Amino acid sequence: MASFIIKPAHLRCVFRIGRLMSEHRTTNILCSDRSYATEGDNRVPKIYTKTGDKGFSSTFTGERRPKEDHIFEALGNADELSSAIGLAREFCLDKGHTFTYQLDKIQCILQDVGSNIATPQSSARESHIKRTKFTAQPIADLETWIDAFTEELPPLTNFILPSGGKGSAALHLARTVCRRAERSVAPIVRSGEADPDVAKFLNRLSDYLFTAARFAAMKEGNNETIYKRPE
């Protein structure tokens, strides 16, 4: 459960990252400020708040909801997706892939996704909405990266199985987590509680992860496993 996104002590990290995204959207170095403390505050906050001990947690708008609420389910899936991408990134770094900066940026954008999901529009004030608004620019970035990968990849003529080396297989795993995150976000968007571009981003992200997995396998000279109907 991604309760770290919405606990007061951790919201500062989420929205400081969000500000960095807005100010440095075109740069490759993102999420450079990960301190949980506010400026001028040298106290080290405790990782535990005890506010969720009774099975409830808070949205950014201050609502207390059960932890099994669909919003927290979506937040947990987005958190798991970021972790899966982080693991894939480590494998890709080991192989010297040059696209890992894209994975860095995507993980930061997923923080913005979480912030938007954690801000139900029905209970949000204008200040909440302004602070957590999600834009279409990350979707355009994904499409640009997908197109660049596709230009170098051989045409896909068969169904492939998650394979192609550790980095490629890990990216495929992240893709499946992304699909689950997308499914959990879809009803929230349909109800008007989150920005439609959040769902579009996750939909495009799964395409990106699939293409990046194939690209990683190709660059490493690894064969992808082709689906064959069992006899």
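**Two helix pairs in close-up**

**View 1. Helices α2 and α6 are roughly antiparallel to each other, because angles over 145 degrees count as such.** In this predicted model, local features need pLDDT of at least 70, side-chain atom pairs count only at pLDDT 80 or more, and totals for chains, interfaces and linings use all residues. Residues are numbered from 1 along each chain as its sequence is written, and side-chain values use heavy atoms, with hydrogens and water left out. Helix α2 covers residues 70-94 and helix α6 residues 166-190; their axes come within 8 Å and cross at roughly 165 degrees. Axes are lines fitted to C-alpha atoms, for helices over the stretch in contact, and angles run from 0 to 180 degrees between N-to-C directions. Helices are DSSP runs (H or I, at least four residues), numbered from the N terminus.

**View 2. Residues of α2 meet residues of α6.** Contact means heavy atoms within 4.5 Å. On the α2 side the residues include H70, A74, L81, I85 and F91, and on the α6 side K166, L171, V177, R180 and I188 are among them. By class, this contact of α2 with α6 has 17 nonpolar, four polar and three charged residues. Ala, Val, Leu, Ile, Met, Phe, Trp, Tyr, Cys and Pro count as nonpolar, Asp, Glu, Lys and Arg as charged, and the others, Gly among them, as polar.

**View 3. Helices α3 and α5 are also roughly antiparallel to each other.** The axes of α3 (residues 100-117) and α5 (residues 137-152) come within 12 Å and cross at roughly 155 degrees. Y101, Q102, K105, I106 and I109 in α3 meet P138, D141, L142, W145 and F149 in α5. Seven of the residues in this contact of α3 with α5 are nonpolar, one is polar and two are charged.

Conventions
Angles under 35 degrees count as roughly parallel, over 145 as roughly antiparallel, 65 to 115 as roughly perpendicular and the rest as oblique.
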